[in-house]
Amino acid sequence: MARIRSRDKRKARQTKQRNRTCESNVSNVGGLFIIGAAFERGRKKCGLTAEQIVDIKLSTRLALQTMISGDSTDSDWGIITGSINLALILTEQGYGIEHESVFIRAQEALVRSHIRGIRTGKWRFDGEGLQDIRDAITLHEEQCDIVSMEDIENGLNEVANRIDKGIVFEVQEVAA
């Protein structure tokens, strides 16, 4: 038991000495330049700009507002669907995995809205669905604030790949 303690003390002393020598050689702002350079490299690789990401968020909010006002079409529904699908992909990549159920409920609301839109021509959400969509859009906007532009572009590509492969919600009409 005495050996373990003295070995631990020796390691602690060595670590403390290493930390002292490192502190005097480190620039306070040097790391910021490295982070900035890495960000710029990542930004150049990505096809999306920050303005385009803002446009994605804005078009989703405008489509939701149009659906609430009642003057909506299937294209407004499609814009919201695209954003919710992207949000779910980003969640699967680890950005807000604890909110996955919110995005799934929003997708279910989108399916209900799609069925109503096809049947009646009115592209609207039911009360519960509207709240789920609002929650999902708010969370997606928060995702967009922390996700790299490259991850958003990869997410958009994954949404397109899943649609091409037929990995989508199946909507089946139920006889009333």
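**Figure 1. Ser-72 in the loop between helix 3 and helix 4.** In this predicted model, Ser-72 lies in the loop that runs between helix 3 and helix 4, the latter spanning residues 74-92. Ser-72 has a relative accessible area of 10% and is therefore buried, the cut-off for that class being under 20%. A polar atom of the Ser-72 side chain lies 2.4 Å from the backbone oxygen of Trp-123.

Figure 2. The predicted chain holds seven helices and zero strands, and, read along the sequence, it follows the pattern α-α-α-α-α-α-α. Of its 176 residues, 30% count as buried. Among the contacts between residues at least 6 apart in sequence, 69% join residues that are at least 24 apart.

**Figure 3. The largest nonpolar core and a second one apart from it.** The largest nonpolar core has 20 residues, of which Leu-64, Ile-80, Ile-84, Leu-110, Phe-125 and Ile-133 touch the most other members. Helix 3, helix 4, helix 5 (100-120) and helix 6 are the elements that give two or more residues to this core. Apart from it lies another core, of seven residues, and Ile-53, Leu-86, Cys-144 and Val-147 are among them. For Ile-84, leaving aside neighbours within four places in sequence, the residues in contact are Phe-103, Ala-106, Gln-107, Leu-110, Ala-136 and Ile-137.

**Figure 4. Gln-143 and its surroundings.** Gln-143 lies in helix 6, and because its relative accessible area is 4%, this residue is buried. The side chain of Gln-143 reaches the backbone oxygen of Tyr-95 at 2.9 Å.

**Figure 5. Cys-144 in helix 6.** Cys-144 also lies in helix 6, and it counts as buried because its relative accessibility is 7%. Leaving aside neighbours within four places in sequence, Cys-144 is in contact with Ile-53, Lys-57 and Ile-152. Cys-144 and Ala-50 are 94 residues apart in sequence, yet from C-alpha to C-alpha they are 9.9 Å apart in space.

**Figure 6. The second largest pocket and its lining.** The second largest pocket has a volume of about 160 Å³. Of the 11 residues that line this pocket, Ile-53, Cys-144, Asp-145, Val-147 and Met-149 are the closest to its centre. Helix 3, residues 50-69, and helix 6, residues 127-146, each supply at least two residues of the lining, and the largest share, four residues, comes from helix 3. Sorted by class, the lining of the second largest pocket has eight nonpolar residues, one polar residue and two charged residues.

**Figure 7. Glu-150 in helix 7.** Glu-150 lies in helix 7, which covers residues 149-165. With a relative accessibility of 30%, Glu-150 counts as partly exposed, because that class takes in values between the buried limit of under 20% and the exposed limit of over 50%. Glu-150 and Thr-49 are 101 residues apart along the chain, and their C-alpha atoms are separated by 9.7 Å.

Key
Residues numbered from 1 in each chain as written. Predicted model: local features only at pLDDT ≥ 70, side-chain atom pairs only at ≥ 80, totals over all residues. Heavy atoms only, no water. 1 Å grid on protein atoms, 1.4 Å probe; cavity = no way out; pocket = protein on both sides within 12 Å on 5 of 7 lines; lining within 4 Å. Points joined across faces, edges and corners; volume = space filled by probe spheres on them. Nonpolar A, V, L, I, M, F, W, Y, C, P; charged D, E, K, R; others polar. Buried < 20%, exposed > 50% of the residue type's maximum accessible area, 1.4 Å probe, protein only. Polar contact = N/O pair within 3.5 Å; in protein donor to acceptor, adjacent residues only side chain to side chain. Core = buried A, V, L, I, M, F, W, Y, C linked by side-chain atoms within 4.5 Å. Contact = heavy atoms within 4.5 Å.
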